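Q: Can we go through this model together? I'd like to start with the charged contacts, then move on to the strands.

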Amino acid sequence: MLHKTKGIVLHYIKYGDTSIIAYIYTEIFGRQAFIINGVRNKRSRVRLNQFQPLSILELDVYYKPTR
């Protein structure tokens, strides 16, 4: 299910060639890990500098409570 929420970036780790796993504290779900694909690509619309620690983001996330 798609949800809109605000979140604070805690940290991230590199995953593969162009992706990251970002650990974000969200208003609704608490601390969650999200995979952001293609963020380390040169032509990406989402830049890596948006995921610096303590950055505040508005997120549209898919969330399933059973996963």
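A: First the rule: a salt bridge is a side-chain nitrogen of Lys or Arg within 4 Å of a carboxyl oxygen of Asp or Glu. By this rule the count comes to one salt bridge.

Q: What should I know about the model and the numbering?
A: This is a predicted model, where local features need pLDDT of at least 70, side-chain atom pairs count only at pLDDT 80 or more, and totals for chains, interfaces and linings use all residues. Residues are numbered from 1 along each chain as its sequence is written, and side-chain values use heavy atoms, with hydrogens and water left out.

Q: Which residue forms the salt bridge with Lys4?
A: Asp60 does, and the closest N and O atoms are 3.9 Å apart. The pair links distant parts of the chain: Lys4 sits in strand S1 and Asp60 in strand S4, 56 residues apart. Strands here are DSSP runs (E, at least two residues), numbered from the N terminus.

Q: Is Lys4 buried or exposed?
A: Lys4 is exposed, with a relative accessible area of 69%. The cut-offs: buried is under 20% relative accessible area, exposed is over 50%, and partly exposed is in between (1.4 Å probe, protein chains only).

Q: How many bridges join S1 to S4?
A: Seven, and the two strands run antiparallel. Thr5 stands opposite Leu59 in S4. Strands pair if DSSP finds at least two bridges between them.

Q: And how many bridges are there between S1 and S2?
A: Eight bridges, again in the antiparallel sense, with S1 covering residues 2–15. Val9 has Ile24 as its bridge partner in S2.

Q: Why is S2 largely enclosed?
A: Six of the eight residues of S2 (residues 19–26) are buried, so the rest of the structure largely encloses this strand.

Q: Give me an example. How accessible is Ile24?
A: Ile24 is buried, at 1% relative accessible area. Ile24 is in strand S2. Its C-alpha atom is 8.6 Å from that of Tyr12, twelve residues away along the chain.

Q: And Ser19, where does that lie?
A: Ser19 also lies in strand S2. Ser19 counts as buried, at 9% relative accessibility. Its side chain makes a polar contact of 3.3 Å with the side chain of Asn37. A polar contact is a pair of N or O atoms within 3.5 Å; within protein, one must be able to donate a hydrogen and the other to accept it, and residues adjacent in sequence count only if both atoms are side-chain atoms.

Q: Switching to rings. How many aromatic pairs are there?
A: The structure holds one aromatic pair. Phe29 and Tyr63 are stacked, 3.9 Å centre to centre, with 25 degrees between the planes. Rings of Phe, Tyr and Trp (its six-membered ring) pair if their centres lie within 6.5 Å; planes under 30 degrees apart are stacked, over 60 edge-to-face, and the rest tilted.

Q: Which parts does the pair tie together?
A: Phe29 lies in the loop between S2 and S3, and Tyr63 in the segment after S4 (56–62), so the pair ties together parts that are 34 residues apart in sequence. Phe29 counts as buried at 18% relative accessibility. Tyr63 is partly exposed at 21%.

Q: Which residues form the nonpolar patch on the surface?
A: Ile8, Leu10, Tyr25, Leu54 and Ile56, with about 530 Å² of accessible area together. Patch residues have over 30% relative accessible area and no salt bridge; nonpolar side chains (Val, Leu, Ile, Met, Phe, Trp, Tyr) are joined within 5 Å, like charges within 9 Å. Ile8 belongs to strand S1 and is partly exposed, at 35%.

Q: Where is Leu54?
A: Leu54 is in the loop between S3 and S4. Leu54 is exposed, at 68% relative accessible area. Its phi is positive, about 70 degrees, although Leu54 is not a glycine. Most residues other than glycine have a negative phi.

Definitions and conventions: Helix = DSSP H or I, 4+ residues; strand = E, 2+ residues; numbered from the N terminus. Areas by Shrake-Rupley, 256 points an atom, 1.4 Å probe, with all protein chains shown as cover.
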